[in-house]
Amino acid sequence: MDTSKLFSLEGKIALVTGGSRGIGKMIAEGFIAQGATVYISSRKADICNAVAAELGPKCISLPQDISSVEGCKTLASRFAELESRLDILVNNAGAAWGMPFEEFSEVGWDKVMDLNLKSPFFLLQALHKLLVAGGSANQPAKVINITSIDGLRLNPWDTYSYHASKSALIYLTKRLAARLVGEHINVTSIAPGAFPSEMNRAARDHADEVAEGIPSKRIGVAEDIAGTAIYLASRAGDYVVGDTISVDGGIVNASLGQSIDA
């Protein structure tokens with residue numbers, strides 16, 4: 001048994017939505033370090049272009065708003081003009097919304113549910129043929145949905161649509177895995193805990209305080225999330241299908257009391 005290339009992504013082509021910042025950027029950078037060519041997509045073209053330039057020649061900017069089905073189809077069409085296959089899709093683009101129950105708005109519901117739940121499904125649908133082209137019995141294509149530990153347990157905040165969307169995406173991951181595994185496409189999910197980002201400002205701006213509520217007593221760093229994504233995307237993760245991996249320092253599975261994670 002030779003494990004020297006078990007985590008290699010050499011020659012792989014990946015697309016990471018929400019890849020210009022936060023967890024998406026961490027994953028994109030990790031994939032590139034393992035040899036992949038990575039397309040990053042985000043809504044703001046100037047930021048997406050700048051990050052692609054920062055990450056080097058194996059990172060390509062493909063800015064697109066995918067909050068609508070039409071946006072998902074447009075991104076898939078633009079990608080298909082550049083590549084004949086897709087080996088790895090990371091559905092990372094997402095949104096959060098907090099508002100008291102009595103005031104929670106339809107806008108806050110629809111924006112979050114559309115981007116967090118509807119877009120991953122319809123982008124995968126639009127990229128289906130390219131993923132089929134990228135997968136084989138020996139090397140399946142990979143779809144990694146970025147969910148959240150808030151899809152696995154409650155937090156104390158009024159983030160109703162966020163909770164619902166991430167819980168649903170975890171179960172949708174299982175359903176899509178069952179549908180696509182026969183076509184050599186493995187669908188999995190990563191449920192991050194506290195990582196510093198624009199969405200998780202508590203972890204970004206109050207890391208020490210947040211860390212006190214985490215069994216591991218620290219917030220997540222880039223290597224934590226990138227390492228898990230590399231595992232699932234590479235040969236090392238070929239036998240993992242439909243599962244969700246919590247990357248949270250123990251909040252979900254090793255916590256004895258209420259935690260503070262953002």
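Student: Where is the place of Lys44?

Tutor: This is a predicted model. In it, Lys44 sits in the loop between β2 (37-41) and α2 (45-55).

Student: Is Lys44 buried, partly exposed or exposed, and why?

Tutor: Residues under 20% relative accessible area are buried, those over 50% are exposed, and the rest are partly exposed. Lys44 has 42% relative accessibility, so it counts as partly exposed.

Student: Which residues form a positive surface patch?

Tutor: The general idea is that like charges are joined within 9 Å. Here the positive surface patch is formed by Arg21, Arg43, Lys44 and Lys111.

Student: Which residues make the nonpolar surface patch?

Tutor: Phe101, Trp109 and Tyr160 make that patch, which is about 330 Å². Of these residues, take Trp109: it is found in helix α4 (residues 106-134). Trp109 has a relative accessible area of 36%, so it is partly exposed.

Student: How many disulfides does the count come to?

Tutor: Two cysteine sulfur atoms must be within 2.5 Å to be a disulfide. By this rule the count is zero. Take Cys48: the nearest cysteine sulfur, that of Cys59, is 7.5 Å away, and Cys48 is in no disulfide. For Cys72, the nearest cysteine sulfur is that of Cys48, 15 Å away, and Cys72 is in no disulfide either.

Student: Are Cys48 and Cys72 buried or exposed?

Tutor: Cys48 has a relative accessible area of 0%, so it is buried. Cys72 is buried because its relative accessible area is 0%.

Notes: Residues numbered from 1 in each chain as written. Predicted model: local features only at pLDDT ≥ 70, side-chain atom pairs only at ≥ 80, totals over all residues. Heavy atoms only, no water. Patch = residues over 30% accessible without salt bridge, like charges linked within 9 Å, V, L, I, M, F, W, Y side chains within 5 Å. Areas by Shrake-Rupley, 256 points an atom, 1.4 Å probe, with all protein chains shown as cover. Salt bridge = Lys/Arg side-chain N within 4 Å of Asp/Glu carboxyl O. Lys, Arg positive; Asp, Glu negative; His and termini not counted. Charge placed at Lys NZ, Arg CZ, Asp CG, Glu CD. Helix = DSSP H or I, 4+ residues; strand = E, 2+ residues; numbered from the N terminus. Buried < 20%, exposed > 50% of the residue type's maximum accessible area, 1.4 Å probe, protein only.
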